[in-house]
Amino acid sequence: MEAISRQVRRKVNQDTFPTGLFTAYVCYYSGQAIYNTYLNLYLYQIGFLASQIGAIISVSTVAILAMQPLWGMLSDRVSVKNRVLKFLCLAAAVCAMGVYTTKSYWPILFLVASFGVFYNPIVPLSDNITLEALMKSRWDYGWIRMGGTLGYAATVLGIGYFFRDSYEAMFVLIALSLVMMAFCIGTVPSVKGYGDKRGKFSLEILWKNKVLMGLIGFHLIYGMGIGFFNSFYSIHFVNIGGDSRMVGWMMFVSSAAEIPFLMLMHRIVKKVGLRKVLTLAGVITCIRWMLMYVLKNPVLIISANLLHGFAFSSFTYCILNYINNKVPPDLRASSQVLNTTLNTICSRLIFGYLGGVAFELWGASLMMLFAAVSMGGATIVFWIWSRNKQKELSL
């Protein structure tokens, strides 16, 4: 009877929707909607130049790069991965509140960098915990990640009306979202780490995995365009006639477009394969950036960002699930963090300071043209490179 009872409980756990994980994504991405969309507008509003904003982004990126791989290795080694994630949420919340203590350049730079050190690893570690928690569940990652999309979309739309072109309250809202996420993670069943079971030179396995490195490389080019768009396009958008509410609508449209594809991506990948899905995502992204270069009407720009949905969902779903299916269990968190770290180098370091300088010299339109050409070239290279790797790319 006891064995039957355990089987029944296990079956119930597999069938029950993981509300804690879903809500954790809602909380995190609600805060990220504010941070990604309005940080630069806040810094711009308190008097910083675009080049200074770019320098803040780049310096914070260096700090992130120095620490982020350590969080992935720590998560793989601890007895319970959830504890690392809760600590990061609470530490990032404290740093967010610290921004209210000053409006001077160097203290702001330090606080933003400190915030990034704790904030940036939350996404890959959350994805790793989610994928491992769902391995024996009937629920797919896309359904859980949709919580993030819903939180992001709802927040970025409503917050524009709340701010009314004054962004002072953003950090307390971000801190609140992180505290709520830490509470949600506390309700999730523990995901175990691997203690000292990892090999001494096990990270070399990741660098020698040519398919993984190829996927991450393709993702890097995608991330560069996203990095510039998130960092500076909102300033350009406001300068050509938009306002905080229209910025909110632009980000809402982008996020809402993810929802149907996150729900269906498992079926799409299963039917047409990872290679074709990522190639189509590259083509669509190239078209999106080209439209950002050509269009000047805010309403048309908002509409063009519907193209974000398929591309973002494809890259996120395919790479995360490739790691979860093809990488050894004791290296999955490290792999997720490696992918995020390398993307951070391109999206924030290259299109951080350099993007700020380029924005001042040439404007956002020409930078979006550069992103379109880069993505088009990367898509062609990926299609040629992957044609003999169908078996390795299967999920």
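## Charges over aromatic rings

A charge is said to sit over a ring if NZ of Lys or CZ of Arg is within 6 Å of the ring centre and within 35 degrees of the ring normal. In this structure, which is a predicted model, the charged end of Arg138 is placed over the ring of Trp139, at a distance of 4.5 Å from the centre of that ring. Another such arrangement involves Arg275, whose charged end sits over the ring of Trp383, 3.4 Å from its centre.

## Aromatic pairs and an aromatic cluster

A pair of aromatic rings is described by the distance of the centres and the angle of the planes. The count for this model comes to 28 aromatic pairs. One aromatic cluster is formed by Tyr25, Tyr28, Tyr29, Tyr35, Phe115 and Tyr119, and some of these residues return below in the lining of a cavity, namely Tyr25, Tyr28 and Tyr29.

## The largest cavity

Rolling a probe the size of a water molecule over the atoms shows where empty space is left. Two or more lining residues come from each of helix 2 (19–45), helix 5 (105–119), helix 6 (122–133), helix 7 (141–163), helix 10 (210–239), helix 11 (244–256), helix 15 and helix 16.

Among the elements around the largest cavity, helix 10 gives the most to the lining, with eight residues. Sorted by class, the residues that line the largest cavity are 18 nonpolar, 22 polar and five charged.

## The second largest cavity

The second largest cavity contains about 40 Å³ of space, and the residues that line it are Tyr25, Tyr28, Tyr29, Ile122, Val123, Ser126, Asp127 and Met181. Helix 2 and helix 6 are the elements that give two or more residues to this lining, and helix 6 gives the most, with four residues. By class, the lining of the second largest cavity divides into six nonpolar residues, one polar and one charged.

## The second largest pocket

The second largest pocket has a volume of about 440 Å³. It is lined by 21 residues, and those closest to its centre are Asp140, His266, Tyr317, Asn321 and Asn325. The elements that give two or more residues to the lining of this pocket are helix 12 (258–272), helix 13 (274–294) and helix 15 (308–326).

Helix 15 gives the most to the lining of the second largest pocket, with four residues, and helix 15 is also listed among the elements that give two or more residues to the lining of the largest cavity. The lining of the second largest pocket comprises 10 nonpolar, eight polar and three charged residues.

## A buried lysine and its partner

Lys81 lies in helix 4, which spans residues 81–98. Because its relative accessibility is 1%, and buried means under 20%, Lys81 counts as buried. The side chain of Lys81 makes a polar contact with the side chain of Glu132, at 3.0 Å.

Asn343 belongs to helix 16 (residues 332–362), and its relative accessible area is 10%, so Asn343 is buried. Asn343 and Leu220 are separated by 123 residues in sequence, whereas in space their C-alpha atoms are 5.1 Å apart.

Helix 10 includes both Gly217 and Asn230.

Key: Residues are numbered from 1 along each chain as its sequence is written. This is a predicted model: local features need pLDDT of at least 70, side-chain atom pairs count only at pLDDT 80 or more; totals for chains, interfaces and linings use all residues. Side-chain values use heavy atoms; hydrogens and water are left out. On a 1 Å grid over the protein atoms alone, a cavity is a set of points where a 1.4 Å probe fits but cannot get out, and a pocket is an open set with protein on both sides within 12 Å along at least five of seven lines; lining residues have an atom within 4 Å of a point. Grid points are joined across faces, edges and corners, and a volume is the space filled by probe spheres set on the points. Ala, Val, Leu, Ile, Met, Phe, Trp, Tyr, Cys and Pro count as nonpolar, Asp, Glu, Lys and Arg as charged, and the others, Gly among them, as polar. Buried means under 20% relative accessible area, exposed over 50%, partly exposed in between (1.4 Å probe, protein chains only). A polar contact is a pair of N or O atoms within 3.5 Å; within protein, one must be able to donate a hydrogen and the other to accept it, and residues adjacent in sequence count only if both atoms are side-chain atoms. Rings of Phe, Tyr and Trp (its six-membered ring) pair if their centres lie within 6.5 Å; planes under 30 degrees apart count as stacked, over 60 as edge-to-face and the rest as tilted.
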